[in-house]
Amino acid sequence: MSSSEEKAGGPVMQLLASGLQLWVRQQCQSIGSLDIQLDGSALQLLRGRLAGVQLLARRVVYRELHLELVELRSGPIQVHIGNLLKGQPVQLERAFQIQGQVSFTPDGLTRSLSAPQWRALGDSLGEALLGIVPLVELRMHRDRLIFAARGLGSRDLIELETTIAAVEGSVEIRSSDGTLRSRLPMDPGITISDARLEAGMVQLLGEARVSV
């Protein structure tokens with residue numbers, strides 16, 4: 001790499017990191033904290049290619065999903081570097097793959113399934129697992145996820161202990177005795193490879209395709 005490329009690369013890498021932070025924040029309703037690391041050389045970036053991006057975010061709200069922790073890494077990304085150098089917003093030229101993990105607290109899941117966008121999913125889970133709606137809350141007890149619902153006109157909660165597992169690219173919720181099961185509908189661009197209850201959270205690992 002020439003000395004001029006080295007001098008240009010540092011500021012451009014910083015500019016792209018700032019642009020990507022802004023782009024990610026624009027995709028979300030809110031983010032508590034966000035850290036982005038760029039993989040690749042300045043020379044690659046000046047040619048419009050980035051080897052990858054690593055992202056760590058906390059307390060994220062994305063499409064009404066309340067995520068406690070998001071840890072992602074991307075594959076190669078094509079960047080329209082000319083626009084960025086002109087002070088324009090970062091522009092990604094084509095779709096790219098990401099891999100990583102998202103984690104929900106039980107409270108975050110409860111708020112997600114109570115949101116208008118996901119309420120029908122919460123009701124379908126309550127109906128499939130408990131036989132009643134609406135779903136009132138989810139909570140963790142040791143290594144179990146507990147679903148609780150209250151029927152209309154009833155004061156008492158109906159509860160069910162469950163486990164989770166990744167099945168055919170989706171998440172399957174199972175009653176502890178294995179007699180009841182419900183599989184989540186999954187976007188075709190998302191594949192779940194592992195699902196577990198750990199550290200008081202629901203943790204999902206997998207990959208997705210990000211359109212631009």
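Is Thr162 buried or exposed? With a relative accessibility of 0%, Thr162 counts as buried, where buried means under 20% relative accessible area, exposed over 50% and partly exposed in between, computed with a 1.4 Å probe on protein chains only. The structure is a predicted model, in which local features need pLDDT of at least 70 and side-chain atom pairs count only at pLDDT 80 or more, while totals for chains, interfaces and linings use all residues. Residues are numbered from 1 along each chain as its sequence is written, and side-chain values use heavy atoms, with hydrogens and water left out.

Thr162 belongs to strand 9; helices (H or I, at least four residues) and strands (E, at least two) are DSSP runs, numbered from the N terminus. An open sheet is formed by 5 strands in the order 7-8-9-10-11, with antiparallel pairing; two strands pair if DSSP finds at least two bridges between them. At the edges are strand 7 (135-141) and strand 11 (181-183), each of which pairs on one side only. On average, neighbouring strands of this sheet are turned by 30° against each other, direction ignored; axes are lines fitted to C-alpha atoms, for helices over the stretch in contact, and angles run from 0 to 180 degrees between N-to-C directions.

Within the sheet, strand 9 (residues 158-167) and strand 10 (residues 170-175) run antiparallel and are joined by 6 bridges. Ile164 stands opposite Ile173 in strand 10. Helix 4 (residues 106-114) packs on the sheet and touches strand 7 and strand 8 (144-149), its direction making about 165° with that of strand 7; contact means heavy atoms within 4.5 Å. Helix 5 (residues 119-129) lies across strands 7, 8, 9, 10 and 11, running at about 155° to strand 11.

Back at Thr162, the side chain reaches the backbone oxygen of Leu145 at 2.7 Å. This is a polar contact, a pair of N or O atoms within 3.5 Å; within protein, one must be able to donate a hydrogen and the other to accept it, and residues adjacent in sequence count only if both atoms are side-chain atoms. Not counting residues up to four places away in sequence, Thr162 touches several residues, including Leu145, Phe147, Ile173 and Leu197.

Ser170, found in strand 10, is buried with a relative accessible area of 5%. A polar atom of the Ser170 side chain lies 2.6 Å from the backbone oxygen of Leu184. Leaving out residues up to four places away in sequence, Ser170 touches Ala165, Arg183, Leu184, Met186 and Ile192.
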